[in-house]
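Reader: I would like to learn how to read the features of a structure such as this one, with the cut-offs behind each term. Could we go through them one at a time?

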Amino acid sequence: MKRPPVIVVQLIHILGPMKGEIQELTEPVISIGRHPSCNLIFPANLTSISRKHAEIFREGNQFKLVDQSTNGTFVNGKRVKEVYLKNGDVLEFSEGGPKVSFLTEMKEAKEEVERLSPPPSPREESKVSFQADLPRVEPKRPMVEKPSIVQPVREETSEVAVQLVKVPLVIQYGPTLRSYKELPVTVGKGLKCDFIIDHPALFDHQAQIFFSQNQYWIKDLTGQRSVQINRKPIGLQAPLKPNDDIALSPRGPIFRFLGEGRLAEVDEAPVEESIKPSERKGETQREAIKEKESKGLRSVFKKIIDR
């Protein structure tokens, strides 16, 4: 008899006393408040949070938030009493209080996933096997040095085919953190995109993240050389390597590729002018800061992927 899947709730703390922490819970009822019996316990001196502030109930494959507090619970900025939650929703406990991002992951037995998957082709045998709980994707060690992608605009001699591939992708933008189990993923401000970003500089379909030749790629869907990697516009598409900064347009937003299918927004204004020789010392300093920032971002994602 097939066992039902295990659904793991992830609460990613983005503001408050536990900022940066990630809690994983599988209970059918998740209680939130200052009382010691709660699953998510806030400090006793945080009096804006009620002792029994809210509960999250599992109903089948859905989760319903029920507010039980004095100061209110907010979902995506709107005060609610009862609401069904979606992946990426931001929960705020009392106005101006702690915030968490809500995510769920469905886990099935590994053998079930493998039985449902088609036999891999010789090309796909080298890829990391897909699991439903965002597994670690081991980076492939190239035999030779990869060509630099920080050169000025260049055209791809041949277009890399975009195919449906089961590999993980995690995107963090502001308080939103969303995970995907297969690529390609389309990014833009259009409602039909997989990851929607409401940004005035973006087209309805801005870019596409896909996986090919054992690495992640980005494709510019605008036809206007809008997508930049490390401040240099790409042609049609380009491969990604760890610590690459990806500007979806010359006016942002900017993401950093942390490797292993992880994209995190960075607070850095796009720079369109080329760097002068006299500024190279400053650029070296910026690279050191960039690496330090990347380590901090990776530590958060590591809690999600390395379990």
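Reader: How many cavities of 30 Å³ or more does the structure hold?

Author: A cavity is found on a 1 Å grid over the protein atoms alone, as a set of points where a 1.4 Å probe fits but cannot get out; points are joined across faces, edges and corners, and the volume is the space filled by probe spheres set on them. The structure holds two cavities of 30 Å³ or more, and the largest cavity has about 90 Å³ of space. This is a predicted model, in which local features need pLDDT of at least 70 and side-chain atom pairs count only at pLDDT 80 or more, while totals for chains, interfaces and linings use all residues. Residues are numbered from 1 along each chain as its sequence is written, and side-chain values use heavy atoms, with hydrogens and water left out.

Reader: Which residues line the largest cavity, and how do they divide by class?

Author: Lining residues have an atom within 4 Å of a point, and for the largest cavity they include Ile-171, Val-187, Phe-195, Ile-218, Leu-248 and Leu-263. As to class, Ala, Val, Leu, Ile, Met, Phe, Trp, Tyr, Cys and Pro count as nonpolar, Asp, Glu, Lys and Arg as charged, and the others, Gly among them, as polar; the lining has 11 nonpolar, no polar and no charged residues.

Reader: Which members of the largest nonpolar core touch the most other members?

Author: A nonpolar core is a set of buried Ala, Val, Leu, Ile, Met, Phe, Trp, Tyr and Cys residues joined through side-chain atoms within 4.5 Å, where buried means under 20% relative accessible area with a 1.4 Å probe, protein chains only. Here the core has 26 residues, and those touching the most other members are Leu-169, Leu-183, Ile-218, Ile-246, Leu-248 and Leu-263. Among the elements that give two or more residues to this core are strand 12, strand 14 (185–188) and strand 22 (254–259), while the largest share, three residues, comes from strand 16. A second, separate core of 21 residues includes Met-18, Leu-25, Ile-56 and Val-80.

Reader: What is Leu-248 in contact with, leaving aside its neighbours within four places in sequence?

Author: With contact taken as heavy atoms within 4.5 Å, the partners of Leu-248 include Val-187, Ile-197, Gln-206, Ser-226 and Phe-255.

Reader: In what order do the seven strands of the open sheet lie?

Author: Strands of a sheet pair through backbone hydrogen bonds, either parallel or antiparallel. Strands are DSSP runs (E, at least two residues), numbered from the N terminus, and two of them pair if DSSP finds at least two bridges between them. The seven strands follow the order 13-12-23-22-21-18-19, with mixed pairing. Strand 13 (176–180) and strand 19 (232–233) each have a single partner strand, so one side of each edge strand is left without a neighbour in the sheet. Strand 12 (residues 169–173) runs antiparallel to strand 13, joined by five bridges, and Leu-169 stands opposite Tyr-180.

Reader: Which strands pair with strand 3, and in what sense?

Author: Strand 3 pairs with strand 5 (residues 54–59) in the antiparallel sense over four bridges, and with strand 4 (residues 40–41) in the parallel sense over two bridges. Ile-32 has Ala-54 as its bridge partner in strand 5 and stands opposite Leu-40 in strand 4. Four of the five residues of strand 3 (residues 29–33) are buried.

Notes. On a 1 Å grid over the protein atoms alone, a cavity is a set of points where a 1.4 Å probe fits but cannot get out, and a pocket is an open set with protein on both sides within 12 Å along at least five of seven lines; lining residues have an atom within 4 Å of a point. Buried means under 20% relative accessible area, exposed over 50%, partly exposed in between (1.4 Å probe, protein chains only).
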